[in-house]
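I opened the file today and kept notes as I went. The entries follow in the order I looked things up.

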Amino acid sequence: PPPAGASPGSGALNPFDRRLKRKQKNWAALQAEPAKCDYLREEVRGWGRWRGHLECRGLLWAQGRTFPLALDVGSGRGYIAQHLTKETVEKLIQVDIAENALKNAVESEIPTVRVVADEEFLPFKEDTFDLVVSSLSLHWVNDLPKAFREIHQVLKADGVFIGAMFGGDTLFELRCSLQLAELEREGGFAPHVSPFTAVADLGHLLSRAGFNTLTVDTDEIQVNYPGLFEVMEDLQGKYILCMGESNCSWNRKPLLHRETMLAAAAIYQEMYGNSDGSVPATFQIYYMIGWKYHESQAKPAQRGSATVSFGDLAKIEGLLKRGKK
């Protein structure tokens, strides 16, 4: 619930209605054949895709580590667990705000314990987990810096946090088209797509939470549709609702006028349409790695200890040519 002094209607301190988000995710978990609605989560949460982004930068999997105890924050129906093995994680704790999602979680070969809890208030002691993972959940928390601090706190020294969350350019085509149409037809606009964190802020937030050896990477997943109405139907009627991804901002607008929708469809097609007549919907994903400090970790060299100047870099080509001769 909002802290004392916060106005739920204004969302000044809490942009999201967490009670509504819990209801949305609980409803989504009870839908028939939910796996058909999870194509986007499967695309992101597939461990192979994470490894493709992080392996080239993170030094994690090259070390061949095994994590005795791991935590999945905002686990939903357990998509990450499907891509883990006993050789990687010996025991997994799954945490989600929606009890129905945990009750309908997909089984995995790893011994698993499921706990209903809020991502902002993790009910675990300090220095508990060797690994914390989170995928497509943290963009709904009201206090992202606090959530990062909570994750850092429950990690053991030399533990690692690996996360993925929606980025600021997610559904920018839809957002821009709706805003322009509402400005034209109604003289103002309200948010229809939830706010997202900018990639420039993410590294800073992780660093302030205490993480070091940070890696932040971005990716885009683009899905093509016949037009705006198909985008809205797919997002609202099937996939986003079934994934529990409906907008839960306090200042969301419940309805769109028909004239505004028609204008938005024309704007969408004109500004972003493909040559074959379809329109794209873009989902930006941030992938991140952060380690909790341990004295055994590699440390940067002391300032002034370098033996080569950056000014000598311009001479490298000449030195290589001389060496070949």
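**Entry 1: a glutamate in a loop**

I started with Glu119, which sits in the loop between E3 and strand E4 (129-135). I note that the model is predicted. Is Glu119 buried or exposed? I found a relative accessibility of 2% for Glu119, so this residue counts as buried, the cut-off being under 20%.

I then looked up what surrounds Glu119. Leaving aside residues up to four places away in sequence, I listed the residues that Glu119 touches, among them Arg18, Lys25, Val73, Gly74 and Ile97. Ser137, Leu138, Val141 and Ala147 are also touched by Glu119. With Ser137 there is a polar contact between the side chains, at 2.7 Å.

**Entry 2: the strands around E2**

Next I went to strand E2 (residues 89-96). Six of its eight residues are buried, so E2 is largely enclosed by the rest of the structure. I checked the partners of E2. Strand E1 (residues 67-73) pairs with E2 in the parallel sense, over six bridges, and in this pairing Phe67 stands opposite Val89 of E2. Strand E3 (residues 112-116) also runs parallel to E2, joined by five bridges. There I found Asp96 opposite Val116 in E3.

**Entry 3: salt bridges**

How many salt bridges does the structure hold? I counted five. I wrote down three of them.

The side chains of Asp127 and Lys292 meet in a salt bridge of 3.0 Å, N to O. This pair links distant parts of the chain, 165 residues apart: Asp127 is in the loop between E3 and E4, and Lys292 is in the loop between strand E7 (279-291) and helix H10 (316-324). Asp127 is partly exposed at 43% relative accessibility, whereas Lys292 is buried at 11%.

Lys156 and Asp130 form another salt bridge through their side chains, at 3.7 Å, N to O. Here too the pair links distant parts of the chain, with Lys156 in strand E5 (residues 155-166) and Asp130 in strand E4, 26 residues apart. I noted Lys156 as partly exposed, at 32% relative accessibility, and Asp130 as buried, at 12%.

The side chains of Lys146 and Glu150 meet at 3.3 Å, N to O. Both residues are in helix H5 (residues 144-154), and because they are four residues apart, about one helical turn separates them. Glu150 is buried, with a relative accessible area of 16%.

**Entry 4: backbone angles**

Asp127 has a positive phi of about 55 degrees although Asp127 is not a glycine. Thr213, also a residue other than glycine, has a positive phi near 50 degrees. Thr213 lies in strand E6 (residues 212-225).

**Entry 5: a surface patch**

Which residues make the nonpolar surface patch of about 250 Å²? I found Leu180, Leu183 and Met271. Met271 belongs to helix H9 (residues 258-272) and is partly exposed, with a relative accessible area of 43%.

**Entry 6: the whole chain**

Last, I took the totals. The protein chain has 10 helices and seven strands. I read that 48% of its 325 residues count as buried. The accessible surface of the chain comes to about 16500 Å², and carbon and sulfur atoms hold 53% of this surface. Of the contacts between residues at least 6 apart in sequence, 76% join residues at least 24 apart.

Note on methods:
Residues numbered from 1 in each chain as written. Predicted model: local features only at pLDDT ≥ 70, side-chain atom pairs only at ≥ 80, totals over all residues. Heavy atoms only, no water. Buried < 20%, exposed > 50% of the residue type's maximum accessible area, 1.4 Å probe, protein only. Helix = DSSP H or I, 4+ residues; strand = E, 2+ residues; numbered from the N terminus. Pairing = 2+ DSSP bridges. Patch = residues over 30% accessible without salt bridge, like charges linked within 9 Å, V, L, I, M, F, W, Y side chains within 5 Å. Areas by Shrake-Rupley, 256 points an atom, 1.4 Å probe, with all protein chains shown as cover. Salt bridge = Lys/Arg side-chain N within 4 Å of Asp/Glu carboxyl O. Contact = heavy atoms within 4.5 Å. Polar contact = N/O pair within 3.5 Å; in protein donor to acceptor, adjacent residues only side chain to side chain.
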